[in-house]
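Today I am opening my notebook on a new structure. Come along and look things up with me, one entry at a time.

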Amino acid sequence: MLEFVIGVILLITYLAFIVYAAKGGNLMLGLFVMAVLWSGLGFLGGAIDWPTINSTIFDGGPTGFGSTAVYIIFGSWFGRVLIDTGIAGTIIRKAVELGGDKPGLTCILLCIVTAAIFTTSYGPGAVVAIGVIVFPIMLSLGIPKPLACGSFVMSVGCGLYFNQSLLTQAAGSMVIGEEQYQIGPDWYQFAAVAFVIHFVSIVLMVILTSKGGKKKAHAWAASAGADASTKNVGLLGCLTVLLPVTLSIALGINQVPAICLSVLWALIFTGNLKSWNKIAELVQKTFHDGVADVGLVLGFLMFLQMFVKAAGSCKDLLAPIVSPILPNSPFALFLVFGVLGFLALYRGPLTIWGAGIATFAIVAGATNLPLSILYPLFYIPCCTVTTNVCPTQSWNMWAIGYTQVSVKDFMRQVLPYALPCAFILEMVAYFMFAA
């Protein structure tokens, strides 16, 4: 009886956390409080003992996240290298030149470039650095502000199906016991399909929103947003953007050595390998900026790990209550997640970057489904909805502020495309991972 009562209290606190997250509460502190609360309730219910609280939850949670934190830092560093060596700027300028006098085509080309960059780059700093180049170009071509904002942030999200930093971050959050999902060929096959479907939704948004536009654009307008004085990087240097993913998929090289090799490639083919002092200065500056870009993200994730461990330890208290009301088949789960994708907005119950981490613990404990199914089930809403278009995502809020678009207009622009995309990807993921 006591276990049942505590299980109900856990669910009540879970619902309270959803409300807190949706209202914009500080998630770092909120997750810490939830970790303390669920540890205490689990202790009272006999599911957790003191050594587990001391070693596994509050010490083992953050320290066990160390390798994933390294991947995030290196991904952010790589983004800064692309920017400071002029690679990102060169690719953007070439896209603008190719688009010519057609604003819709130029917008789509810029979206392709942005998506390609964020298959490997990571962090709010990298998004802002690319955005301050892309937005003036889009706006000078007469592209409506909501479309410029929406297409850019959705392009960032498009690249994240391949992005090792976010993939390992999600894998480090969705843990069952000591088991963690391993990114492999099966995932990359899905990522390729997801990238195409996601990008088609962006193209549809650009075409349908631009249709009937009256403002005439000229090639000179695009150059108004680009720094023409910056020297272009050659083709081999521009290929740096695709190197980490290519090395990982084609040769099985792990993320950190793949990034280090890619940075070396970038230094060689951008002419930055001529002086040891200049190499040291560039590497040191970009690494410093990369770490600074993701400092708060890492802090959030460290506290998230405490709650992940606490929630996992409480699953036996929740399973008897939740199991009867959960869908009894993987297809039903994927269908429900696809239909209710909007619940990943505002850190709701379907995003692991918010209240959804408790949902994951509940579903994992109640269904005993393997991580090979649970990982795509939960990654899609957190990538396709939360990081893609949610205003609570830091770089989305920056883009909304930079383009001076209201949140209402932004949501009206992106949701008709992002939510169907999430539904389609859940259905695709079911047939690729669970059927």
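**Entry 1: a loop**

I began with arginine 347, which I found in the loop between α19 and α20. The model is a predicted one, so I treat what I note here as computed from that prediction. Phi of arginine 347 is near 60°, a positive value in a residue other than glycine. Is arginine 347 buried or exposed? I looked up its relative accessible area, which is 10%. Buried means under 20%, so arginine 347 counts as buried.

Tyrosine 346 also lies in the loop between α19 (330–339) and α20 (356–367). Tyrosine 346 is not a glycine either, yet I read a positive phi of about 50° for it. With a relative accessible area of 31%, tyrosine 346 is partly exposed.

**Entry 2: the largest pocket**

Next I turned to the largest pocket, and arginine 347 came up again. I noted a volume of about 580 Å³ for this pocket. Which residues lie nearest its centre? They are Val297, Phe300, Arg347, Thr392 and Ser394, out of 25 lining residues. I sorted the lining into 14 nonpolar, nine polar and two charged residues.

Then I asked where the lining comes from. At least two residues each are supplied by α2 (27–44), α10, α16 (276–293), α17 and α22 (394–403). The largest share is that of α17, with five residues.

**Entry 3: two helices side by side**

How do the axes of α10 (residues 164–173) and α17 (residues 295–313) cross? They come within 10 Å and cross at roughly 25°. Angles under 35 degrees count as roughly parallel, so α10 is roughly parallel to α17.

I also listed who meets whom. From α10 I wrote down Gln169, Gly172 and Ser173, and they meet Val297, Leu301, Leu304, Gln305 and Val308 in α17. The residues of this contact divide into four nonpolar, four polar and no charged.

**Entry 4: a cavity**

How many of 30 Å³ or more does the structure hold? I found one. The largest cavity contains about 80 Å³ of space. Among the residues lining the largest cavity I noted Thr119, Phe162, Gln164, Pro244 and Ile259. The elements that give two or more residues to this lining are α10, α14 (243–251) and α15 (255–269). I counted five nonpolar, seven polar and no charged residues around the largest cavity.

Definitions and conventions: Residues numbered from 1 in each chain as written. Predicted model: local features only at pLDDT ≥ 70, side-chain atom pairs only at ≥ 80, totals over all residues. Heavy atoms only, no water. Axes fitted to C-alpha atoms, helices over the stretch in contact; angles between N-to-C directions. Helix = DSSP H or I, 4+ residues; strand = E, 2+ residues; numbered from the N terminus. Parallel < 35°, antiparallel > 145°, perpendicular 65-115°, else oblique. Contact = heavy atoms within 4.5 Å. Nonpolar A, V, L, I, M, F, W, Y, C, P; charged D, E, K, R; others polar. 1 Å grid on protein atoms, 1.4 Å probe; cavity = no way out; pocket = protein on both sides within 12 Å on 5 of 7 lines; lining within 4 Å. Points joined across faces, edges and corners; volume = space filled by probe spheres on them. Buried < 20%, exposed > 50% of the residue type's maximum accessible area, 1.4 Å probe, protein only.
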